[in-house]
Amino acid sequence: MTKLLEGKTVLVTGASAGIGRAAAIGAARHGADVAINFSRDVAGAESAVAEIEKLGQRGLAVKGDVSDPETATDFVARAVEAFGKVDVFVNNAGICPFHAFLDMPVETFERTMRVNLHGAYFMVQAAANQMVKQGHGGAIIAVSSISALVGGEYQTHYTPTKAGLHSLMQSTAIALGRYGIRCNSVLPGTILTDINKDDLADDEKRRYMEGRVPLGRLGQPDDLEGPIVFLASDLARYVTGASLLVDGGAFVNLQ
Ligand SMILES: NC(=O)C1=CN([C@@H]2O[C@H](COP(=O)(O)OP(=O)(O)OC[C@H]3O[C@@H](n4cnc5c(N)ncnc54)[C@H](OP(=O)(O)O)[C@@H]3O)[C@@H](O)[C@H]2O)C=CC1
Ligand SMILES: C[C@H](O)[C@@H]1OC(=O)[C@H](O)[C@@H]1O
């Protein structure tokens, strides 16, 4: 297999489970040393680092809640201390506490904004400042969502954060292009992870969601590995400000 990220250092937020974990392990499979952030799941983070090391790469787990802006500078500093540089930054950490619109608790709304969008802003800023200082460009990838483009009845607090991430990558692509830093997003459809385990425990809902996907199945976290590694790699050297749907065709499936 051609290793697309040989010699690179990759940072991934929210990588103790799900899509972030798959992205981190995928980056290691492609020859990168990988630092991961997580907020609570110590066992998950440790096992992700163990997987990275099993692939012959260096791994590091740094605990921190991304809703605190200091987590961003700390994560980048710890990764640089361990690996000397940051080449690729994947902003993945996110939450989606499903709730109806009319009685949305203020705390649920604010927490979702702070983790998914404010956290991303300061993480991307910290990673970008490090890349600018290094002076040899870099790649930033945000895990946005198909939900940046379409709505969800129980996601009125969540979908604006995903549209915000999509927009953040477009604006940072402009702000950082002169430094050779590319900024893109992936837009996953429905991927089977802990974030939607309760929602999809309803058989009828799960069958409905599966039925919307032309490729005939819901996604798995490692379906994101290839798209994220591609955008991180030099194969995507002229790609910036772009977004890549990874949804089995769900978005285009009107009828
Ligand atoms: N699954 C899906 O269908 C889709 C998911 N996405 C997006 O993908 C991203 C990953 O979600 P997914 O893998 O599904 O979900 P998971 O719940 O499986 O994983 C979420 C990850 O984020 C971490 N995390 C949560 N809150 C914080 C925080 N405050 N600070 C740092 N880390 C945090 C968790 O770590 P810990 O438990 O240690 O806190 C965990 O590692 C999210 O941004 C989500 O919006 C986008 C489209 C579809
Ligand atoms: C958590 C949901 O299942 C998931 O989140 C997204 O961003 C997708 O659009 C799905 O709704």
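## Aromatic pair

The structure holds one aromatic pair. Its members are Y121 and F122, in an edge-to-face arrangement. The model is a predicted one.

Y121 is partly exposed, with a relative accessible area of 45%. F122 is also partly exposed, at 32%. Both count as partly exposed because that class lies between the limits of 20% for buried and 50% for exposed.

## Ligand 1 site

Ligand 1 is surrounded by 33 residues. The closest are S16, S39, N92, Y158 and T193. By class, this shell has 13 nonpolar, 14 polar and six charged residues.

A backbone N or O atom of I19 sits 2.8 Å from an oxygen atom of ligand 1. For V66, a backbone N or O atom is 3.0 Å from a nitrogen atom of the ligand. T193 uses its side chain: a polar atom there lies 2.6 Å from an oxygen atom of ligand 1. On its own, ligand 1 has 880 Å² of accessible area, and the protein covers 93% of it. Helix 1 (18-29), strand 2 (33-38) and helix 4 (106-134) are the elements that give two or more residues to the shell.

## Ligand 2 site

Which residues lie around ligand 2? They are C96, F98, S145, I146, S147, Q155, Y158, G189, I195 and N196. This shell divides into five nonpolar, five polar and no charged residues.

For S147 the distance is 2.5 Å. For an N or O atom in the side chain of Y158 it is 2.7 Å. For N196, again a side-chain N or O atom, it is 3.1 Å. The protein covers 89% of the 290 Å² of accessible area that ligand 2 has on its own.

An unreviewed UniProt entry lists residues 8-182 as "domain: Ketoreductase". Over residues 8-182 the chain is 50% helix and 15% strand. The end C-alpha atoms of that range are 15 Å apart.

T71 sits in helix 3 (residues 69-83). With 9% relative accessibility, T71 counts as buried, because the cut-off is under 20%. T71 and G119 are 48 residues apart in sequence. In space, their C-alpha atoms are 8.6 Å apart.

Key. Residues numbered from 1 in each chain as written. Chains lettered and ligands numbered in written order. Predicted model: local features only at pLDDT ≥ 70, side-chain atom pairs only at ≥ 80, totals over all residues. Heavy atoms only, no water. Phe/Tyr/Trp six-rings, centres within 6.5 Å; stacked < 30°, edge-to-face > 60°. Buried < 20%, exposed > 50% of the residue type's maximum accessible area, 1.4 Å probe, protein only. Near = heavy atom within 4 Å. Polar contact = N/O pair within 3.5 Å; in protein donor to acceptor, adjacent residues only side chain to side chain. Areas by Shrake-Rupley, 256 points an atom, 1.4 Å probe, with all protein chains shown as cover. Nonpolar A, V, L, I, M, F, W, Y, C, P; charged D, E, K, R; others polar. UniProt positions renumbered as here; feature names shortened; annotations may be inferred. Helix = DSSP H or I, 4+ residues; strand = E, 2+ residues; numbered from the N terminus.
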